[in-house]
Amino acid sequence: MAKGEETRQFIIEKAAPIFNTKGIAATSMSDIMEATKLSKGSMYVHFENKEVLACAAVDHNMKILSSKLQNALSGSSTSKEALFTYIDFFSNPTHPPVIGGCPLLNFGTEADDTNPIVKEKVNSAIKQGQQLLSGIIERGITNKEFKTDFNSSEFATAMFAMLEGGHLMARVSGSNDKMEIVAKTLKNLIEQNTI
């Protein structure tokens, strides 16, 4: 990796948790300069403005989340186990896998009315998450783990929404008790569709 690319990546890695924790609007270039110990001039050599850096930080946070999730799922030997692993992966929002909490929830909430580029990035990631879940269920149906009438796309949407909602409730309250209810409910629904 060239020196310039290394510096650019370093800035993204330092900026990503700040943007995910404080939000795009509340994060200043001064915050990033303080974290990186780089001058304003150095920052603007690599990023023409805060919005360009914020988009790179959003991508970085979502890449970290996806990579950690895929790593967790790789140990699953059945579709049911994969769904349970997915639920467990998101079941501790007060100690999230990405610093600052779920980047989809954080950036999606902030960007829905203010930043169409970030909004589309989050929307795309949500669709990928739903497709991942739907694919796991469809494999489970094919492998005769799940009932044939287990609606993969509907359940994927409900599961995704329930986990994100549980994440929000847990982060705001500072307690995982509501997420525990969400996780238990989802696992019971999966059990009901297991052969």
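Leaving aside neighbours within four places in sequence, Pro-103 is in contact (heavy atoms within 4.5 Å) with Asn-20, Asn-61, Met-62, Leu-65, Val-98 and Gly-108. This proline belongs to helix α6, where helices are DSSP runs of H or I with at least four residues, numbered from the N terminus. Pro-103 is buried, with a relative accessible area of 0%; buried means under 20% relative accessible area, with a 1.4 Å probe and protein chains only. Between the C-alpha atoms of Pro-103 and Met-169, which are 66 residues apart along the chain, the separation is 15 Å.

The model is a predicted one, in which local features need pLDDT of at least 70 and side-chain atom pairs count only at pLDDT 80 or more, while totals for chains, interfaces and linings use all residues. Residues are numbered from 1 along each chain as its sequence is written, and side-chain values use heavy atoms, leaving out hydrogens and water.

Among the buried residues of α1 are Thr-7, Ile-11, Phe-19 and Asn-20, and their cover includes α2 (29-36), α3 (40-46), α4 (50-73) and α6 (103-111). Just after the helix, Gly-23 takes a positive phi of about 95°.

Not counting residues up to four places away in sequence, Met-159 touches Leu-83, Tyr-86, Ile-87, Leu-133 and Leu-186.

Helix α4 also gives the most to the lining of the largest pocket, with seven residues. A pocket here is an open set of points on a 1 Å grid over the protein atoms alone, where a 1.4 Å probe fits, with protein on both sides within 12 Å along at least five of seven lines; lining residues have an atom within 4 Å of a point. The volume is about 390 Å³, and of the 19 lining residues, Met-62, Ser-66, Leu-104, Ala-125 and Gln-128 are the closest to the centre.

Key: Buried means under 20% relative accessible area, exposed over 50%, partly exposed in between (1.4 Å probe, protein chains only). Helices (H or I, at least four residues) and strands (E, at least two) are DSSP runs, numbered from the N terminus. Grid points are joined across faces, edges and corners, and a volume is the space filled by probe spheres set on the points.
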